[in-house]
Amino acid sequence: MLAAPLFIDVRAGAVAGLGTLLSDLQIARSGRVAVAVGPSQGDAIRDELRIDGAEVLRIPDGSLASAVELGQRLRSGQFEAIAGIGGGKTIDVAKFAAHMAGIPMVAVTTSLGHDGIASPVSTLRHESGTGSYGVVMPTAVLVDLDRVRSAPAALSTAGIGDVISDLSAVADWELAAAEVGEQIDGLAVAMARSAALVVLHQPGPARGDEFLTVLAESLIMSGMSMAVAGSSRPASGGDHEIMHAVNELFPGTASHGELAGVGALFCTFLRGDDAKAELISACLRRHGLPRTPADLGLSDADFAKAVAYAPRTRPGRYTILEHLDLSEPQLTDRVSAYVKTFTA
């Protein structure tokens with residue numbers, strides 16, 4: 001069965017329609033509605049929404065502790081629904097809290113940083129690093145293009161790197177099927193691959209309405225592919241192992257989407273798929289996203305260290321990194337060759 005949000009709305013000014021959406025879809029008819037926002041938002045959004053009885057709850061950060069605390073507040077406050085308004089961290093915290101409280105959640109996205117918009121996964125920071133937690137996917141998804149455009153560039157469109165990384169994740173899944181007999185979900189693969197390819201070949205500036213609409217829809221479809229697969233497999237391979245490793249070893253280096261894009265380019269380079277690697281590199285370069293360790297503020301040695309550590313972040317997942325099982329000298333050589341190839 002195909003899991004999907006009941007309603008998807010990608011347009012300028014979409015956030016203003018939230019109150020009507022909650023009523024028309026009977027998500028919240030008479031009970032209290034919580035509106036979860038990041039630390040820098042609040043009063044302006046509440047005034048714009050005009051939802052009677054809505055209570056604005058500020059989320060301090062993207063941690064598991066914040067998500068648990070919010071879930072407890074939702075249960076004790078007897079809220080009927082929650083709308084998470086903001087970027088990836090806010091959406092992930094709100095999804096987890098709604099799942100914990102057993103109430104529907106509406107994702108209102110103000111930046112396109114990664115494919116968690118409609119996915120059944122929340123990525124949250126904890127005392128030992130970062131964990132991914134299965135949750136119920138949002139009941140509805142709104143993407144407000146006006147707010148996406150006003151967000152900082154690195155945050156608003158970094159999801160380009162995340163959705164393109166689906167190509168690497170799918171290649172890893174196919175490798176696992178061939179080498180260790182892992183079963184593939186064909187529909188999940190088709191959705192993830194299609195989402196990546198349409199962004200890879202979409203012309204136009206990243207801040208234009210047409211490109212932002214395609215990017216938003218592709219990120220939503222990528223998230224839905226994970227719901228179809230029942231895991232993050234179609235959208236997370238060696239590329240995301242590298243992302244998680246960098247986050248653990250060098251926290252604060254870059255955003256989710258930026259790291260996923262670099263991880264995808266490096267893994268594609270390791271596979272020897274030169275044509276696809278050049279397409280990915282050109283797309284990242286065109287939209288001003290990082291491609292090399294130096295672009296991330298890392299040395300080649302730091303990046304090699306993260307790649308060596310990467311398989312530990314997802315035990316049991318078979319990717320090009322586990323397949324090649326490179327020694328330290330081999331890995332150093334590959335990273336050097338990679339940097340030489342994509343430094344322009």
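In β3, Val-56 is the bridge partner of Val-35. Strand β2 (residues 32–37) and β3 pair in the parallel sense, over four bridges. Two strands count as paired if DSSP finds at least two bridges between them. Helices (H or I, at least four residues) and strands (E, at least two) are DSSP runs, numbered from the N terminus.

The model is predicted: local features need pLDDT of at least 70, side-chain atom pairs count only at pLDDT 80 or more, and totals for chains, interfaces and linings use all residues. Residues are numbered from 1 along each chain as its sequence is written, and side-chain values use heavy atoms, with hydrogens and water left out.

The pair β2 and β3 belongs to an open sheet of six strands, in the order β1-β8-β5-β4-β2-β3, with parallel pairing. Its edge strands are β1 (7–11) and β3 (55–58), each of which pairs on one side only. Neighbouring strands of this sheet are turned by 20 degrees against each other on average, direction ignored. Axes are lines fitted to C-alpha atoms, for helices over the stretch in contact; angles run from 0 to 180 degrees between N-to-C directions. Helix α9 (residues 209–229) lies across β1 and β8 (140–144) and runs at about 155 degrees to β1.

Strands β6 (residues 121–126) and β7 (residues 129–134) pair in the antiparallel sense over six bridges. A hairpin of two residues joins β6 to β7. Val-121 stands opposite Gly-134 in β7.

Thr-139 lies in the loop between β7 and β8. Thr-139 is buried, with a relative accessible area of 17%. Buried means under 20% relative accessible area, exposed over 50%, and partly exposed in between (1.4 Å probe, protein chains only). Beyond its neighbours within four places in sequence, Thr-139 is in contact with Pro-5, Leu-6, Phe-7, Ile-27, Pro-104 and Met-105. Contact means heavy atoms within 4.5 Å.

A nonpolar core is a set of buried Ala, Val, Leu, Ile, Met, Phe, Trp, Tyr and Cys residues joined through side-chain atoms within 4.5 Å. The largest such core holds 68 residues, of which Leu-112, Val-143, Ile-160, Ile-242 and Phe-266 touch the most other members. Helix α9 gives the most to this core, with nine residues. Apart from it lies another core, of 21 residues, among them Ala-67, Phe-96, Met-105 and Ala-107.

In helix α14 (residues 300–309), the buried residues are Phe-303, Ala-304, Ala-306, Val-307 and Tyr-309. These pack against α10 (238–249), α11 (256–271), α13 (293–296), α15 (320–324) and α16 (328–342).
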